[in-house]
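The sequence and model are shown first.

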Amino acid sequence: MALEKARILDQSDPLAAKRALFSIPHDTIYLDGNSLGVMSHAVNERVADVTRRQWGKDLITSWNKHGWIDLPITVGDRIGKLIGAAPGQVICCDSISINLFKVLCAALQIQSGRTQFVSTEDNFPTDLYMIQGVERLLGDRCSLTTVAEDDLIASITEETAAVVVTEVNFRTGRRLDLAKITAQAHDKGALVIVDLAHSAGAMPVTLDALGIDFAVGCTYKYLNAGPGAPAFVYVAKKWLSSDFAGALQPLFGWLGHAEPFAFSPQYTGASGIRQFLVGTPPIISLSAVDAALDAFEDVSMEAIREKSLQLMEFWLSCMGDHGLLTIMPCVSPTEGTIRGSQLSFAHDDAYAICQALIARGVVADFRAPNYLRFGFAPLYNTYEDVARAVARLSEIVYSGAYQDKAFQSRAAVT
Ligand SMILES: *Cc1c(COP(=O)(O)O)cnc(C)c1O
């Protein structure tokens, strides 16, 4: 029944043709694109071309011949299109953690009289750790206050240097209201730093329109660029044309220099977003980001969001039909507009259930303390994926198959 309905929904899905762009193992239902997106054929081919032809044959001439030197900027601008950023404000480099360090320092420099970062208790740990590291480095110049998500807006005051917020909570999938947060922050003279790890590629983001000051995000989740592919950092134009431009962030690397090949002993930062580059870009994985973005070329983020919401609604209705929602309650918001592209469910044996699912070809993940998490990637997930995955989940839960010892032991990565 659910399967028939799923097939009908798949037939009228305007994004259905996109799935063929990806390499998805036979018999695998992949619901972990919020952790590591699947590989597209374009990425596979591009990496082969970069290694065999560009690096393999053209060697060092490729920096000019194949545009390697400008790739962080050209790829950054392509990412910018997906997150509402006009050209010249996004660069693709380093990891979210490193990029956070850069923008935290930039914010403190701009806000010379303020020391406080306000964030949420349940923010992704690396975001909090990076602030703690800056605190250790700078002492009194930096402090961290964490509050519950519901208290965030009220906690932004005239003392706040910047709010550091992840739009979509990695555990619960709750989506915070960036418009309200930004309005309150700017009203109090605070800056806004947003982590888009679970937003970029999953839903429309409008950084310029919201007036957000800084943003970071990764490319290996919904953007499908592959494990460890470089992240991105957004810096609003007004800060790139401010008095601080050229020295907004303190990692003075040679490739952020105005003239790297002058090899001057004195640092002079590049104007514009290039100052956020530090060292040599990882060209192979950066090329993979470029190729991965092809899948987004002719599709609107609104269409992706629309399908994401429908996939999740169908998931919840299938779980309801199987009577699963009372056994493992949904801890994500029931209202789609305040949710990212994932659903999490609480169960004491969530870890073992997740392992049993994986053993049956349904890849999801577990997040402490007891959440089973499913990510929905509208470019390649189908309604049939949903119907089949929920049927297998139901079978595992009702048969007790997850209680098998084999599903209890935890690997290093969960
Ligand atoms: C995945 C994720 C990260 C990862 O940071 P890296 O430094 O790129 O490893 C950071 N923040 C959030 C919210 C994430 O979900």
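In this predicted model, Asp365 and Arg373 are joined through their side chains by a salt bridge, 2.8 Å from N to O, a salt bridge being a side-chain nitrogen of Lys or Arg within 4 Å of a carboxyl oxygen of Asp or Glu. Asp365 is buried at 2% relative accessible area, and Arg373 is likewise buried at 1%, where buried means under 20%, exposed over 50% and partly exposed in between (1.4 Å probe, protein chains only). Shared partners also connect Arg46, Arg78, Asp290, Asp294 and Glu297 into one network of salt bridges.

| Pair | N to O distance | Relative accessible area |
|---|---|---|
| Glu384 and Arg7 | 3.5 Å | Glu384 21%; Arg7 38% |
| Asp298 and Lys18 | 2.6 Å | Asp298 63%; Lys18 11% |

Beyond its neighbours within four places in sequence, Ile83 is in contact (heavy atoms within 4.5 Å) with residues including Val90, Leu196 and Phe232.

Residues are numbered from 1 along each chain as its sequence is written, and side-chain values use heavy atoms, leaving out hydrogens and water. Because the model is predicted, local features need pLDDT of at least 70 and side-chain atom pairs count only at pLDDT 80 or more, whereas totals for chains, interfaces and linings use all residues.
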